[in-house]
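Hi,

Here is the structure I promised to send over. Have a look at it first, and my notes follow below.

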Amino acid sequence: MTRIEFWQGNIACAEGALAAGCTFFGGYPITPSTEVAEHMAAKLPKRGGAFIQMEDEIAGIASIIGASWTGARAMTATSGPGFSLMMENIGFAIMTETPCVVVNVQRGGPSTGQPTMSAQGDMLQVRFGSHGDIAIIALCPATVQEMFELTVKAFNLADKYRVPVFLMADETIGHMREKIIVPDTVERVERKPFVAGTPAFRVTDPDNIPGFPAFGTGQHVHVTGLTHDERGYPCATNPNLHMALVKRLVDKIENARDEMADYDVINPDAGQVFVAYGAPVRTVMQVMHDKKDTNIGFLRIRTVWPFPEKALAEFKNAKRFIIPEMNLGQISREIERHVCVPVRSIPKLGGELHTPEELVAVLEEKA
Amino acid sequence: MSYDDWFRKDRLPHIFCAGCGNGTIINCTLAAIDQMNWKKEETIFVSGIGCSSRAPGYILTDSLHTTHGRAIAFATGVKMAKPDFNVVVFTGDGDMAAIGGNHFIHACRRNIDMTVVCMNNQIYGMTGGQGSPTTPKGCLSSTTPYGCAETPFDLCELATAAGANFVARWTSYHVKELEKSVKAGLETPGFSFIEVLTQCPTAFGRRNKFRQVIDHVEFLKSHSLLKAKRDRLVEKHEHVPEDMFVVGELTRRNRPALGVKP
Ligand SMILES: Cc1ncc(C[n+]2csc(CCOP(=O)(O)OP(=O)(O)O)c2C)c(N)n1
Ligand code: SF4
Ligand SMILES: [Mg+2]
């Protein structure tokens, strides 16, 4: 059974979290993400969960990491300035393999920038913003439906891979209202069970993911952001151990790139191929609808990190990839690394969506 | 059980310098916890970064050694998600009063049910002796080479003003009193704060005429003014010596608290 609603994107995100069994939200208000927190504040206490408005975003992400170690599914939501504040503790979550979900409803930056306007300016920050060598998972919704579905997916990926997963939305999708089909139940992937009495961070499977020894289960786990051995004990001066740990944390994500890839391929034989994620998807869809031309291809990406490079190879006749983004070409550069044909970025700042005309004009450019 | 049963013995030896006061404070805290009949699996230690914050790594329970200054924010998440857990935070003067000051006052305001033990050595020990928000005026550190010019925080007044239910100050000399005070803090619903002035021979003592550990401990003893005594002096309108600090249970009240075990 399903039901039909007409929801704002941020509400769909919060409802997706609740459907996924999220029982803890800690965060700090910031436009254009605040509705996520407000909705969780209204709903969580009635379902036996906990909502807490922390004193800043550093505390917001700290609180969800703490909650996650009790076994709870935990989430925070923010936008640019708050996201910048979270960077250090994001690295802590990566180093300690703490599952959690961070929603970033992107607005115009840098700095306070454009609080109420849409942007995709944090796409490289999410990938590289925390210090050291890291790997994370980032999902980008382009519809209200996807705000719901990708939030559910974010929790499943976070628990499966034991890593922070980012829902990199934008103000457009966060604040738009749209029809959504809400399922009664959603798929739930649990954290890998822990073998009692074994070292807390021992990895035995080729997927590089250790079992999760939740607090309160008698395993006496020591969790530290310092480089640690498989017992979780600090061991910060052994070069080989550090190399092995960081490699494993990166490999467990990067090696699962294909498994995690989530994208649609439209007109794979086309010569000119749009690639988009988030709000610009909608303009590309309009152009595809207006033009009805099989020589125009479209790669619509939902898992932006790890970047699904195999998707690009599906366009065997591509002469050019065209990338509309609400930033100065952050993902275009990633695409350039993977293809041998020209990559045409269509950067746009200011908060407004690309118009179909802007995209058509690029299609009609002489090569 | 005895307090000894709480140690994570396969992590020893510890990293603390010879003569450091942190071990004494850990002992007193564990001795108090041992009297609580708490289950190990329901007792969580949380800390930030600093010498003091290494304490949870030597204790055989679940523990979170987090980022600099943020221990109380992490602990808030643990406690709100699982009010059944007993949450104890170890922190330092830099960790809690400088980078983590905001989290500290907000936790006091929320009066969230946890106990925070601050090992106040009046210096940044781990990073080699820089001035902290509790470095006394005139004291030398690597970043106050001409004597600290700033006024230090009174952490206990701060905690009381911000709303904590239980506030006490002792020193590494007062082991019995400290143990009793930590126990009282553990028993009090809401936010309990215990400040422990302690010696750091390596980063503080060396620069401030306490080359011998015993000299610093002796100083802590001789400059402690019991709260009861201070109150008597005030009552009689007599002079309260400026160079002494008040020790004892400073605040105990029963304001509404957050996250108390159901
Ligand atoms: C964000 C951040 N800034 C700075 C540091 C470096 N650092 C590590 S410990 C410390 C000071 C610790 O002082 P305190 O809390 O008093 O602990 P102590 O070592 O004296 O027990 C600093 C500044 C850090 N780890 N993280
Ligand atoms: S530097 Fe100071 S606080 Fe740190 S272990 Fe040594 S004596 Fe203790
Ligand atoms: Mg200190």
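Let me begin with the ligand site: ligand 2 is surrounded by B:F16, B:C17, B:C20, B:N22, B:C51, B:N121, B:G125, B:M126, B:C200, B:P201, B:T202 and B:A203 (a residue is near a molecule if its C-beta atom, placed from the backbone, lies within 6 Å of it). That shell divides into eight nonpolar, four polar and no charged residues. For the classes, Ala, Val, Leu, Ile, Met, Phe, Trp, Tyr, Cys and Pro count as nonpolar, Asp, Glu, Lys and Arg as charged, and the others, Gly among them, as polar.

Some housekeeping: this is a predicted model, where local features need pLDDT of at least 70 and side-chain atom pairs count only at pLDDT 80 or more, while totals for chains, interfaces and linings use all residues. Residues are numbered from 1 along each chain as its sequence is written, and chains are lettered from A and ligands numbered from 1 in the order in which they are written.

Now the sheet. Nine strands form an open sheet with mixed pairing, in the order β10(A)-β2(B)-β1(B)-β3(B)-β4(B)-β6(B)-β5(B)-β8(B)-β7(B). Helices (H or I, at least four residues) and strands (E, at least two) are DSSP runs, numbered from the N terminus, and two strands pair if DSSP finds at least two bridges between them. At the edges stand β10 (222–224) of chain A and β7 (224–226) of chain B; each has a single partner strand, so one side of each is left without a neighbour in the sheet. On average, neighbouring strands are turned by 20° against each other, direction ignored (axes are lines fitted to C-alpha atoms, for helices over the stretch in contact, and angles run from 0 to 180 degrees between N-to-C directions).

The bridge partner of A:H222 in β2(B) is B:S63.

Overall, 33 residues of chain A are in contact with 27 residues of chain B (in contact means C-beta atoms, placed from the backbone, within 7 Å). On the chain A side, α3(A) gives the largest share, nine residues. That side divides into 18 nonpolar, 12 polar and three charged residues.

Back in chain B, α2(B) and helix α4 (residues 101–110) pack at an angle of about 40°, with their axes 8 Å apart. The two helices are therefore oblique to each other (angles under 35 degrees count as roughly parallel, over 145 as roughly antiparallel, 65 to 115 as roughly perpendicular and the rest as oblique). B:I72, B:A73 and B:T76 of α2(B) meet B:H103, B:F104 and B:A107 of α4(B).

Cheers

Conventions:
Contact = placed C-beta atoms within 7 Å.
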